[in-house]
Amino acid sequence: MVKPEQMSLTAHQHIQKYLESIHNTVISKEELNAILRLSQHLRVFGLLSAAAYVNQTNAQEGKVRSRILPVWKSLLGQLINSETPPSEEELREIVVQMAREEPAKYMVTWRKAMILSNHWNFWARAYSA
C-alpha cells in the first residue's frame with residue numbers, strides 16, 4: 001500500500017542507506033544524474049524495464065552504466081526489500097514474477113517507485129556536493 005505521507009521519510013532512508021553503502025556523506029554529480037535518470041526511466045518505461053536494466057545479461061559496460069548501476073540497484077533493491085535488498089538477478093526475477101502473477105501488486109509497486117523517485121530526487125539534491 002502506498003502511504004503518500006510516509007514517502008519522503010522512506011526516500012530519505014533509501015538515500016542514507018545508499019550513502020552508507022558507498023562510505024560517503026555526499027552524493028556526487030554523477031550519482032545525482034543517475035537518480036534523476038531513474039525517475040525519468042520509471043515514468044517512461046516502467047519498473048519492469050528499470051529492474052531489467054539493472055540485470056542486463058548483455059550489459060554493455062561503459063561510463064554511463066557504471067555510474068547508473070550502483071545507484072539504481074540500491075534504490076530499486078530497497079524499494080523491493082528495504083531490510084535485505086535483493087541481488088541484481090533476484091531483483092529482476094521478483095519484478096518479472098510480480099508483473100506476471102500479481103499485476104495489481106506490480107502496478108502499486110510501480111506507482112510507489114514513481115512517487116518515491118520524486119523524493120529520491122529531492123533528498124539526492126539535498127545531499128549533493
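**Figure 1. Crossing of helices α2 and α3 in the predicted model.** Helix α2 spans residues 29–44 and helix α3 spans residues 47–54. Their axes come within 7 Å and cross at roughly 130 degrees.

**Figure 2. Residues in the contact of α2 with α3.** Helix α2 contributes L38, H41 and L42, while helix α3 contributes L47, S49 and A50. By class, four of these residues are nonpolar and two are polar. The contact of α2 with α3 has no charged residues.

**Figure 3. Lining of the largest pocket.** The largest pocket holds about 180 Å³ of space. Its lining consists of T10, Q13, H14, K17, Q78, L79, I80, N81, S82, E83, K112 and L116. Two or more lining residues come from each of the elements α1 (7–21), α4 (63–80) and α6 (103–126). Among these elements, α1 gives the most, with four residues. Sorted by class, the lining of the largest pocket has three nonpolar, six polar and three charged residues.

**Figure 4. Aromatic pairs that involve W123.** The structure holds four aromatic pairs, including the pair of F122 with W123 and the pair of W123 with Y127. The centres of the F122 and W123 rings lie 4.9 Å apart. With 80 degrees between the planes, the pair of F122 and W123 is edge-to-face. For W123 and Y127, the ring centres are 6.4 Å apart. The planes of W123 and Y127 stand at 40 degrees, so this pair is tilted.

Conventions. Residues numbered from 1 in each chain as written. Predicted model: local features only at pLDDT ≥ 70, side-chain atom pairs only at ≥ 80, totals over all residues. Heavy atoms only, no water. 1 Å grid on protein atoms, 1.4 Å probe; cavity = no way out; pocket = protein on both sides within 12 Å on 5 of 7 lines; lining within 4 Å. Points joined across faces, edges and corners; volume = space filled by probe spheres on them. Nonpolar A, V, L, I, M, F, W, Y, C, P; charged D, E, K, R; others polar. Axes fitted to C-alpha atoms, helices over the stretch in contact; angles between N-to-C directions. Contact = heavy atoms within 4.5 Å. Phe/Tyr/Trp six-rings, centres within 6.5 Å; stacked < 30°, edge-to-face > 60°.
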